[in-house]
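Reader: Could you walk me through this one before I set anything up? I would like to go through strand pairing, charged contacts and the surface in turn.

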Amino acid sequence: MPEDAGHPKPVPVGEDVTVRLHLDQIACRGPPGHRLRLSISNAYWPLIWPAPGRAMLRPTSGPLTLETAKDAGAVRVAEPDMAPPWQTCEMRPANHLGETEVDRLTGVARLRIVDDFGQLRDPATGLETG
């Protein structure tokens, strides 16, 4: 399977597909005997929408290789340089709602999400966002 996340292609149904995942953006240190869990999903809600129909992912076999750091000592990272926090006045508080509705006759589930991030005003400029 080509490694091109920017141009996804349909996965053949009922056929084995080889997938290579590079988890090079994480670091973890655990005590001896510590276990890691690998979750596999067809979606990453709300960043990636799920498949429109029922999808089944069934890992069959293959190696799982974890590289370890040569120097397992602690790495100290300096505090970041950053600007002071944005000073704002709250004009309207944030309100978030998530509801699931299931039609008992058809079994169709609907998820309703309402995200209102509120309204803020920048006292230095008068700019209001909401």
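Predicted model: local features only at pLDDT ≥ 70, side-chain atom pairs only at ≥ 80, totals over all residues.

Reader: How many bridges join E1 to E4?

Author: Three bridges join them, with E4 covering residues 119-121, and the two run antiparallel. Strands here are DSSP runs (E, at least two residues), numbered from the N terminus, and two of them pair if DSSP finds at least two bridges between them.

Reader: And what order do the strands of that open sheet have?

Author: The open sheet has three strands in the order E1-E4-E5, with antiparallel pairing. E1 (89-92) and E5 (128-129) stand at the edges and each has a single partner strand, so one side of each is left without a neighbour in the sheet.

Reader: Which way do E2 and E3 run?

Author: They run antiparallel, with eight bridges joining E2 (residues 95-102) to E3 (residues 109-116). Leu97, for instance, has Val114 in E3 as its bridge partner. The hairpin of E2 and E3 has six residues between the strands, and Gly107 there takes a positive phi near 80 degrees.

Reader: Switching to charges, how many salt bridges are there?

Author: The structure holds two, where a salt bridge is a side-chain nitrogen of Lys or Arg within 4 Å of a carboxyl oxygen of Asp or Glu. One is between Asp116 and Arg92, at 2.9 Å from N to O. This pair links distant parts of the chain, with Asp116 in strand E3 and Arg92 in strand E1, 24 residues apart.

Reader: What about Arg112 and Glu99?

Author: They form a salt bridge too, and their closest N and O atoms are 3.2 Å apart. Arg112 lies in strand E3 and Glu99 in strand E2, so the pair ties together parts that are 13 residues apart in sequence.

Reader: Is Leu36 buried or exposed?

Author: Leu36 is exposed, at a relative accessible area of 58%, given that buried means under 20%, exposed over 50% and partly exposed in between (1.4 Å probe, protein chains only). Leu36 is found in the segment before E1.

Terms used
Residues numbered from 1 in each chain as written. Heavy atoms only, no water. Helix = DSSP H or I, 4+ residues; strand = E, 2+ residues; numbered from the N terminus.
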